[in-house]
Amino acid sequence: MTIPSEAQPAHRDRVTDDRLLSALLDGADAALFAVDTQGRVTHWNRHAERLLGWSNEQAVGREGLGGWAVREADAADLRARLLAVLSAPPGPMGAPARQAHEFPMLRRDGGRLLVRARTTAIKGADGRPSGVYCAFGDVHAHLALERNLALSEALLGDSTWAVLVADADLRTVAANERAAQAMGLTPVDMLGEPLAEFVGDGLPELESALERTLAGQAPDEPVELWLTPLDDGMHEEDRLGGPHPPPGGQRHCLLSGFLRLDTPGSLGAAPLGVAWIFQDVTRTRRAAQDTARRAFRDSQLSRATRAAAECEDPVEAAQLHLHYALAGFAEHALLDVLGDSVGLTRLTESPGPFHEAAGAAHGAAVRYGQGHPALQALERGVTVRATGGVARSGWAFEHRWPEEAEHALCVVLRSRGRSLGVVTFLRGAGRRSFDRADAAYGEDVALRVAAALDLGDVAGTC
């Protein structure tokens, strides 16, 4: 029988719509099937086939799911639950009605699978119910996804760890409050920005760890990264005259772990990015460093005292104290004492050959200019710290110090209520400026040097 020509367009449209629906269902990321108003299976996509093992040809056209996709005893109840969405009220804004269910299904190999499903009513062009489609998946897979989402929200929320997520271009795509606080910014200010915008010193080490993680070679254990968040604040002067950096400009020790973020279920796909999880342990690490530094310095003081006790020459004893003090502390130490005439006389320095100042002549007069840190320490009777830095290339020459000197610590020598002179410790490029702990150590050394000089009455004979 020939189909009338006027009916052919409608037939072709119906076939096209049906094929389009099948293509959409097969291309969906979830397992899907559809039934008509009588419960007959009309569609069964590839994800449903992979999950349960039943092919499209084996599923489509069956009257219900009983006896193959579900147990026969559960078939009637499941049919009623699937078709119940057809009589449910529509959703907001007239959207199709939806319902959620959990029920067991049968795999082709006879195993059972608990699924979580969402059913949606399908209406025809006339607005009447024409069927139901059901999206379903393994309950355990859903629970794992929900746990992952909950974990992500918890980490990016009020977590005790700082979390920053960077994409493959090392740009920030997410950060929680703790990560933003560590960088001195807000999460909004960090979004879309490269790490170089808010990390100063330590950036190469951080980027290297992130790139290794993207390449699948993440560190096996947490690593400690010393970073300096960028800060535009001006340095303040503390009461001893040394530069005191603001909190944002200090180096922070961040105990860090790195996780590569891959697309679930997509083998070989490019990574989504890297999660950088870290905790600021600066206080703990600095406390440990300070403890170790104090122990080492105390050991050096004790060694110097024992060595100086065997010296007959007080100048040699003073130089020994300076020699032991320099280890891990400074590059140079200059010992200037007050003589009978006005001004300071260079008695000795370290490093330098021992016994160089022995004898009647203890050195030449040191002509320091007005306002020199050594003269300030002597006049005020307090420790003075000074920093020239690379911006002042002639700073060391102006102060008559070795040309590589960039940081100075001048400590007055006091014994029996009088000033005997000044000891100056110098640090070069690449070393930090002297801090208060350094000043306290320098004062301990100066006390021992002053005692040795006063014992030999060297100051009065120069």
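What follows is a set of questions and answers on this predicted model.

Q: What makes up the secondary structure of the protein, and how much of the protein is buried?
A: The secondary structure comes to 13 helices and 18 strands, and buried residues make up 39% of the 462 residues. The accessible surface is about 25,800 Å², and 53% of that area belongs to carbon and sulfur atoms.

Q: Why is H43 called buried?
A: A residue counts as buried under 20% relative accessible area, and H43 has a relative accessibility of 10%, so H43 counts as buried. H43 lies in strand β2.

Q: What makes the approach between the side chains of H43 and T42 a polar contact?
A: The distance is 3.1 Å, and the cut-off for such a pair of N or O atoms is within 3.5 Å. Residues adjacent in sequence count only if both atoms are side-chain atoms, and here the contact runs from the side chain of H43 to the side chain of T42, so the pair qualifies as a polar contact.

Q: Why is P271 called partly exposed?
A: Partly exposed is the class between buried, under 20%, and exposed, over 50%; the relative accessible area of P271 is 21%, so P271 falls in that class. P271 lies in the loop between β11 and β12.

Q: Which residues is P271 in contact with, leaving aside its neighbours within four places in sequence?
A: With those neighbours set aside, P271 is in contact with L214, R260, L261 and D262. P271 and A215 are 56 residues apart in sequence, and their C-alpha atoms are 8.8 Å apart in space.

Q: How do you know that β11 and β12 pair?
A: Pairing needs at least two bridges between the strands, and β11 and β12 have 8, in the antiparallel sense, so they count as paired. L261 stands opposite G273 in β12. On the same test β6 (residues 162-166) pairs with β12, because 5 antiparallel bridges join them, and the bridge partner of A166 in β12 is V274.

Q: What makes β12 a mostly covered strand?
A: Of the 8 residues in β12, 6 are buried.

Q: Why are β7 and β8 called edge strands?
A: The open sheet of 5 strands has the order β7-β6-β12-β11-β8, with antiparallel pairing, and β7 (172-175) and β8 (223-227) each pair on one side only. Neighbouring strands of this sheet are turned by 30 degrees against each other on average, direction ignored.

Q: What is the order of the open sheet of 6 strands, and which helix lies across β13, β14 and β18?
A: The order is β15-β14-β13-β18-β17-β16, with antiparallel pairing, and the edge strands are β15 (365-366) and β16 (384-387). Helix α10 (residues 314-326) lies across β13, β14 and β18 (418-428), running at about 55 degrees to β14. Strands β13 and β14 are joined by 6 bridges, and V337 has T345 as its bridge partner in β14.

Q: Which residues touch the most other members of the largest nonpolar core?
A: That core has 28 residues, and F33, W44, L52, L65, W68, M105 and F136 touch the most other members. Elements giving two or more residues to this core include β1 (31-36), β2 (41-44) and α2 (46-52). Not counting residues up to four places away in sequence, W68 touches V41, W44, W54, A59, R62 and L106. Another core, of 26 residues, lies apart from the largest one, and L335, F425, V445 and A446 are among its members. In soluble globular proteins, nonpolar side chains tend to be buried together.

Q: How many residues lie between the strands in the hairpin of β4 and β5?
A: There are 5 residues between β4 and β5, and G127 in the turn has a positive phi of about 85 degrees. The two strands are joined by 9 antiparallel bridges, and the bridge partner of R118 in β5 is A135.

Technical notes
Residues numbered from 1 in each chain as written. Predicted model: local features only at pLDDT ≥ 70, side-chain atom pairs only at ≥ 80, totals over all residues. Heavy atoms only, no water. Helix = DSSP H or I, 4+ residues; strand = E, 2+ residues; numbered from the N terminus. Buried < 20%, exposed > 50% of the residue type's maximum accessible area, 1.4 Å probe, protein only. Areas by Shrake-Rupley, 256 points an atom, 1.4 Å probe, with all protein chains shown as cover. Contact = heavy atoms within 4.5 Å. Axes fitted to C-alpha atoms, helices over the stretch in contact; angles between N-to-C directions. Core = buried A, V, L, I, M, F, W, Y, C linked by side-chain atoms within 4.5 Å. Polar contact = N/O pair within 3.5 Å; in protein donor to acceptor, adjacent residues only side chain to side chain.
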